[in-house]
Amino acid sequence: MRWKDQIKSLAPYQPGKSKDEVKRQYGLEEIIKLASNENPFGCSKKVSEVMSKETGYFALYPDGYATNLRECVAEHVGVTKDQLIFGNGSDELILIIARALLRPGFNTVMATPTFPQYKHNAIIEGAEIREIPLVDGHHDLDQMLAAIDEKTNVVWVCSPNNPTGTYIPKEKLESFLARVPKETLVVLDEAYFEYVVADDYYNSVELVEQYSNLIVLRTFSKIYGLASLRVGYGFASKEIIRALEPVREPFNVNSFAQLAAIEALGDQEYVENCRTLNHQGLEQFYNFCKEHNLSYMPSQGNFILIDFKTDGNEVFQFLLERGYIVRSGNALGFPTSVRVTVGSKEQNAGIIEKMSQYMQVKAH
């Protein structure tokens, strides 16, 4: 078979250890997973209640237009229904955009480190990848602009950025967008949008109205607590959505995901509560870092990147053997750090205790 040359050396996604696997391996009774930026509080009870009553979907294809969900999201976001596209998680929307626009002879610009699926899909499509290093954890927008030429089809901007948690202030983002050529699509990935509390965060709906080459991606996998159901959405001008729709698989968002997303969207009180608890949880980690003089990046997401000034794998392993799964910074472009998902108050206190033990061990 004649496989694409570029995928022959491309590593598949490597999932972390499962909780059951870690239990068996280390003989532990309880495992706390703070590795994938999931919502530690789960989803709204309204979602659980409606899902427990719906069992009649198995034999039927889902609504390929996601009609009801589309109406709800359009009203919630403040766009028209033809400005929306839905995906099997926002991961699939990244794939759709890459498949629609990237190919040999053209290039794509992104920060590094950032969410790895931008690069992964660009490699598959055979496009040239231009990575611009972060500066102090932030996008270097001037250098990203300098990297754009007449062959640049897509620019990826992740705000808040994964894995740093940093965001792009309104004034800087608007200045950047105004200078990107209209022929280049800007993808603004807002997977963690609902967690943001910064006063100078931009309004991406207004930006979409202003910039015809901008698409915004959001997901139900984070604050809405529906990661297992896989549903995300993008909004842009109807011309962009019309161009992307033929690339989308016809039944890509299943019926349960559509139903759950509608219920989740309708419980904004739950979302607000999760945002408040997440902000309080971040403060627990900030205090820990200050107490131990550890570098960290203030985060607008539901995770924090902490620099232990040692091998991130070592910190990861220490915590793993004590029942806490986090992400080593080695795989994220920060080899002396670990990324920790903000958990419940009790979970945060528990892992902070273990991280404090690690600091004591290292001191001796």
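Residues are numbered from 1 along each chain as its sequence is written, and side-chain values use heavy atoms, with hydrogens and water left out. Because the model is predicted, local features need pLDDT of at least 70 and side-chain atom pairs count only at pLDDT 80 or more, while totals for chains, interfaces and linings use all residues.

Helices are DSSP runs (H or I, at least four residues), numbered from the N terminus. Helix α12 spans residues 312-320 and helix α13 spans residues 345-363. Their axes come within 10 Å and cross at roughly 125°. Axes here are lines fitted to C-alpha atoms over the stretch in contact, and angles run from 0 to 180 degrees between N-to-C directions. Angles under 35 degrees count as roughly parallel, over 145 as roughly antiparallel, 65 to 115 as roughly perpendicular and the rest as oblique. The crossing of α12 and α13 is right-handed. In a right-handed crossing the near helix is turned clockwise from the far one by less than a right angle; anticlockwise gives a left-handed crossing.

From α12, the contact (heavy atoms within 4.5 Å) involves Glu 314, Val 315, Phe 318 and Leu 319. From α13, Ile 351, Lys 354, Met 355, Gln 357, Tyr 358, Val 361 and Lys 362 take part. By class, this contact of α12 with α13 has 7 nonpolar, 1 polar and 3 charged residues. Ala, Val, Leu, Ile, Met, Phe, Trp, Tyr, Cys and Pro count as nonpolar, Asp, Glu, Lys and Arg as charged, and the others, Gly among them, as polar.

Side chains of opposite charge can pair when their charged atoms come close. The whole structure holds 14 salt bridges. Each is a side-chain nitrogen of Lys or Arg within 4 Å of a carboxyl oxygen of Asp or Glu. Lys 362 pairs with Glu 314, with the closest N and O atoms 3.2 Å apart. This pair links distant parts of the chain, with Lys 362 in α13 and Glu 314 in α12, 48 residues apart. Lys 362 is partly exposed at 43% relative accessibility, and Glu 314 is partly exposed at 34%. Buried means under 20% relative accessible area, exposed over 50% and partly exposed in between (1.4 Å probe, protein chains only).

Asp 5 and Lys 8 also form a salt bridge, at 3.2 Å from N to O. Asp 5 is exposed at 58% relative accessibility, and Lys 8 is exposed at 59%. Glu 128 pairs with Arg 130, the closest N and O atoms being 2.9 Å apart. Glu 128 is partly exposed at 41%. A network of salt bridges links Glu 128, Arg 130 and Asp 149.

Asp 63 lies in the loop between α2 (45-53) and α3 (67-77). Asp 63 is partly exposed, at 35% relative accessibility. Leaving aside residues up to four places away in sequence, Asp 63 touches Asn 68 and Gln 258. Ser 52 sits in helix α2 and is exposed, with a relative accessible area of 55%.

Helix α10 covers residues 255-265. α3 and α10 pack at an angle of about 25°, their axes 9 Å apart. That angle makes α3 roughly parallel to α10. The crossing is left-handed.

Terms used. Helix = DSSP H or I, 4+ residues; strand = E, 2+ residues; numbered from the N terminus.
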